[in-house]
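Here is a short report for a reader new to this model. Take a look at the sequence and structure first.

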Amino acid sequence: MKTVDLKALHDEIADWSAKAISNYGTPAVYLFGSLIHKDGAQFIDSSDIDLVVVIPTMGDAIERHRWLESFFEMKEELELALFRLLKRSGNEPSVSIVAVTELEIASDVHKDGHREFFSANTFRDLSTGKDQVGMPGVATHTVDRFVASGLAFAQKIRNEFFAVSANRTLRLADYDGDDPLPKPIMRAAAMAAKATGKATGPGAEHDVQEGLDLLTNVLYDRRDDNPGYLNLQDLVSVRRRARGARKAIEPTHQLLLGEMIFDLVSAVAELPSKGDDGGASRPRDGDRSEGETDRSRCGKDEASEGGADSGPTAEANGTAKAGDGVTALTKKPKETSRAVATYTSSTALFAERFAAAFPGVRGTSWHTEPDDIAERLRVLLAEPLSFAGGGTPIWWWRGGNLQIESFRKLSDGLFLMNVEELKIVKLAAVAGSTYQRHFVYVETAAMEPTGLYEARMKDRAAQLRQDGYDYEEYGLYRGETPVSRAHYDDGAMMIDGRIVDIYPETELRIRYTTPYNFVIAANGSPINNKKFDKPLERTLNLALNHGDDAWLDKLKQSVEALPLRDMPHS
């Protein structure tokens with residue numbers, strides 16, 4: 001392992017930041033991650049350098065796109081300078097840039113759906129050299145889940161666009177598949193269509209055709225505004241079988257499409273003006289919820305809303321929506337309590353919990369008895385799970401990922417993890433060669449549908465083909481009455497002829513109506529590796545479709561081969 005000259009590294013980054021501010025007008029550049037955690041004690045020669053670059057306020061997608069393309073040269077310059085300083089291979093980027101707007105910071109929306117990323121992490125303002133927990137102006141605004149998905153997607157495309165190495169290897173590649181546009185872009189556009197009221201009905205937010213049509217129409221409408229729109233409109237039209245020479249969707253095109261999606265969703269999520277109380281924004285057309293990404297959370301698609309309401313509180317006369325002559329009921333985010341205790345690292349804490357829950361395990365241990373499962377999980381996921389200043393050290397992983405903030409037993413065999421209802425039937429405790437590689441496999445049985453979304457049942461086969469499982473999102477009013485996700489998001493419904501504010505007494509729930517599985521590990525686990533997201537998802541889908549357990553040995557071998565992480569609280 002090479003010795004890293006931390007002072008020289010900090011000086012180089014500070015000089016680059018000053019140039020970015022003076023030459024490109026970025027309001028601020030922040031450093032975070034292992035380079036500043038514990039004064040860089042965990043930073044090694046292979047560690048990433050993590051930066052947040054704030055994008056100047058601009059008018060539209062074309063202006064931001066032009067700025068981002070220009071700033072690309074700055075990223076190349078930094079990679080080259082660090083290549084010389086760190087003497088690394090030039091094939092992989094040394095720096096990860098998260099480029100964000102004021103809206104994304106105010107809404108605390110992260111590209112991978114990490115909750116409280118901009119409010120709970122420590123950031124160093126490179127213009128002042130001062131560290132602070134949370135960014136200025138963070139978490140002052142609330143957006144619904146569809147808007148959050150659009151913001152997160154644009155942020156992710158920027159991050160991939162800037163992932164260029166010293167030898168100019170690009171991570172965001174040309175797309176020339178059979179579809180007119182990459183599916184992730186069409187899915188994100190479908191979310192934007194839902195957010196803006198262009199697409200309605202159960203499951204519309206998943207319909208890639210809705211997303212493709214929306215982008216095509218916007219490009220057609222804007223083709224005379226700027227040559228960038230015209231060129232992209234011609235490209236997409238030919239890929240939709242118009243006459244012409246079919247060409248690939250280049251990284252710069254994907255970047256512009258991401259910024260167009262940003263424009264679409266930000267139009268219904270304007271920041272409050274100065275002097276406003278910073279309360280929750282009320283998006284139009286009734287599509288509301290907390291700001292969550294990728295199926296309201298990391299890396300997962302959104303569950304569909306809508307469907308017939310049922311039960312004693314079913315609304316007879318339609319959902320109350322802002323703009324329908326009904327006063328919008330302002331929702332305040334529900335508070336999440338955090339323990340005052342701290343921990344040294346997530347992997348150390350998880351190893352302690354693992355040893356307590358599965359004493360004596362040195363390989364793999366299977367558990368299928370309900371009482372045994374409940375006892376093991378009681379110990380593994382005991383409070384506290386959230387820590388003041390320290391985040392959430394234990395996460396669950398299935399391609400997309402999410403921290404575990406709460407866990408409790410609802411009844412025999414049924415558990416509530418965050419908002420997920422889990423009918424757990426099988427556990428496998430897997431002890432790694434080192435404590436950082438421990439993980440727990442969890443498998444659940446299918447639960448009965450709520451009955452709220454009968455109209456969506458015909459789309460279930462498509463959902464299974466896409467993800468390997470199916471689920472429903474709904475609200476539980478007063479602990480016993482299921483209400484549709486649309487009613488939960490609106491926070492109101494018609495009961496006995498009156499519009500009632502149900503939000504304070506309604507909990508969000510997610511129910512898996514097919515078998516489902518995931519793994520639990522430390523936030524600092526090697527599993528926390530975006531290159532491993534897809535392989536992990538494929539392996540877990542394989543596990544659901546095969547009776548033998550040979551896949552688990554392959555999964556364990558894959559985790560053993562992953563590099564250890566070097567991150568705060570790892």
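## Basis

This is a predicted model, in which local features need pLDDT of at least 70, side-chain atom pairs count only at pLDDT 80 or more, and totals for chains, interfaces and linings use all residues. Residues are numbered from 1 along each chain as its sequence is written, and side-chain values use heavy atoms, leaving out hydrogens and water.

## Nonpolar cores

A nonpolar core is a set of buried Ala, Val, Leu, Ile, Met, Phe, Trp, Tyr and Cys residues joined through side-chain atoms within 4.5 Å. Buried means under 20% relative accessible area (1.4 Å probe, protein chains only). The largest core has 76 residues. Ile49, Leu51, Phe71 and Met260 have the most contacts inside it. Helix H2 (residues 61-86) gives this core its largest share, 10 residues. Helices are DSSP runs of H or I, at least four residues; strands are runs of E, at least two; both are numbered from the N terminus.

A second, separate core has 39 residues, including Leu377, Leu402, Ile404 and Ala429.

## Glu443

Glu443 lies in strand S12 (residues 439-444). Glu443 is buried, at 15% relative accessible area. Its side chain makes a polar contact (N or O atoms within 3.5 Å, one able to donate a hydrogen and the other to accept it; residues adjacent in sequence count only through side-chain atoms on both sides) with the side chain of Tyr441, at 2.5 Å.

## Phe518

Phe518 belongs to strand S18 (residues 516-522). Phe518 is buried, at 1%. Beyond four places in sequence, its contacts (heavy atoms within 4.5 Å) include Trp396, Val440 and Leu540.

Conventions:
Buried means under 20% relative accessible area, exposed over 50%, partly exposed in between (1.4 Å probe, protein chains only).
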